[in-house]
Amino acid sequence: MSVGAHPSTIDTEICVLGAGPAGALCARRLGELGHRVLLVERHPFPRPHVGEALTPAVWPLLDSLGLLPAVRGAGFLTPTWSSVRWADEQVRRVRLPAGTCGLTVCRGRFDQLLLDTARAAGVTVLQPARAHRPDRRAEGWEVPVTTPDGARLLRARFLVDATGRSRILGGRVTRTGPRTVALYAAWQVETRPSPPTCLEAGPHGWLWGTPLPNGAYRAMAFTDPEQLHRSGVRRSSLAGFLRSLLDGSELLRGLAGERPASAVAVCDATGYHDPDPVAEDRISLGEAAFALDPLSSSGVDKALQTAMAGAVTVHTLLDPGGDRKAALAYYRDSQLSSVEQHARWTGGHYAEHLPHRGNSFWRRRARPLPAPGPAASPAPRTSLAALMHRRVRLAPAGRLTSTPCVVGDQVALRPALTHPALPQPVAYLGGHALAPLAEALRGEHTLAEALRAWGRTLPAEQALAVAAWLYERDLLVLQP
């Protein structure tokens, strides 16, 4: 970090705006990769924030980041089940698979943990500091910033927008679902047993609630903005409206008679995505890039994943020898794939609700998944061990296509296997490139011969695991 000719000017290589989970993690990773990074955050930490529930998918990522000890020692909650009233009027206890659990955090402490790791990686943090609209210049970016000590001007070669829904870089977004609002508050419930994590559908929206690590209970209601207008709700009557929704609930009715410990707030919860989240000198992360339907409960998880994808993308773009075209394609494709996957998932779950499916809220969100065809009796599958003498080949629809992939710390084009049975191209399996293994199946080889050929580059046990993976997906077929 260097100070320019004027003492109020700071020059850096990368400026990250926003120190939420996406911004802090991306800044940390870029710092670890040797870049000069300045992270700007408007609010002092720890700050209160909603979005406390994380899915079980976050645990492997926290492990890879070396954060498991700090997270486990922070007193966060690890729920394993929830009460759900969704498809019909029946209340069901839904348990996570054995050995897995979710994670409910105090966002103030969780975000501080991530920010501390960024500092430890050499990232300079400017906080509190309010960034104003960046200005793109021929030589890079200029960002006016207001701090308690006065105005500053930041100059950076690359800009990372991690400012959430405020999206400081602006630009149009594409909505991925109907407009949705969320009403939320917290209740102090230490003096009595609190409800578990709850999910409940209602006539014009749905309710969600969960215990928090500090002994409070968070409850949220999701509905159409039109429902607030039809009900004549104003900011002064938000608490009464939320109370009426809770009072009509079976799972959360007990909260309706109690005064919330925090003011009832309302925020936009509409899903969207930025169709152009990256260029050669800027990138958008987290909710600056896309926001998922809140039903997915994956906002923080996805923010962390976009941070990792964003860091490797930026590192490639800034490397003089990096494949910029591959990096841009990788980030755009990965973001769009995530958006489309979650849109299908949430649309299918909205379609499962039956009691009020004719109401506008449910009708506009339901996207029934394609009905499965008639169930066919599965043909008995011969074990691989019994096929060693048989000639095998790659399924005819299997193709190797050049695909942007993460290779080490950069994005590069690599051949990947595509097939209608695969949801996305696969370039690596168990850390090994799949293309040369697939190419070995082009000739007239028995399975035993193919495994021996693969054994030149990977252990026999892993070669057998790859063969089993292909065979289970009908990508490895027997020749007559």
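User: Which strand does Thr 12 lie in?

Analyst: Thr 12 belongs to strand β2, residues 9-17. Strands are DSSP runs of E with at least two residues, numbered from the N terminus. Some background: this is a predicted model, where local features need pLDDT of at least 70, side-chain atom pairs count only at pLDDT 80 or more, and totals for chains, interfaces and linings use all residues. Residues are numbered from 1 along each chain as its sequence is written, and side-chain values use heavy atoms, with hydrogens and water left out.

User: Why is Thr 12 called buried?

Analyst: Buried means under 20% relative accessible area, exposed over 50%, and partly exposed in between (1.4 Å probe, protein chains only). Thr 12 has 6% relative accessibility, so it counts as buried.

User: What lies 3.2 Å from a polar atom of the Thr 12 side chain?

Analyst: That is the backbone oxygen of Arg 36.

User: How many residues of strand β17 are buried?

Analyst: Eight of the eight residues in β17 (216-223) are buried. Ala 216, Arg 218, Met 220 and Phe 222 point one way, while Tyr 217, Ala 219, Ala 221 and Thr 223 point the other way. In a regular strand, side chains alternate between the two faces of the sheet.

User: What makes β14 and β17 a pair?

Analyst: Two strands pair if DSSP finds at least two bridges between them. Strand β14 (residues 181-188) and β17 have eight, in the antiparallel sense, so they pair. Tyr 184 has Met 220 as its bridge partner in β17.

User: And how many bridges join β16 to β17?

Analyst: Seven, with β16 (residues 205-211) and β17 running antiparallel. Leu 207 stands opposite Ala 221. Four residues lie between the strands of this hairpin, where Gly 215 takes a positive phi near 90°.

Note on methods:
Polar contact = N/O pair within 3.5 Å; in protein donor to acceptor, adjacent residues only side chain to side chain.
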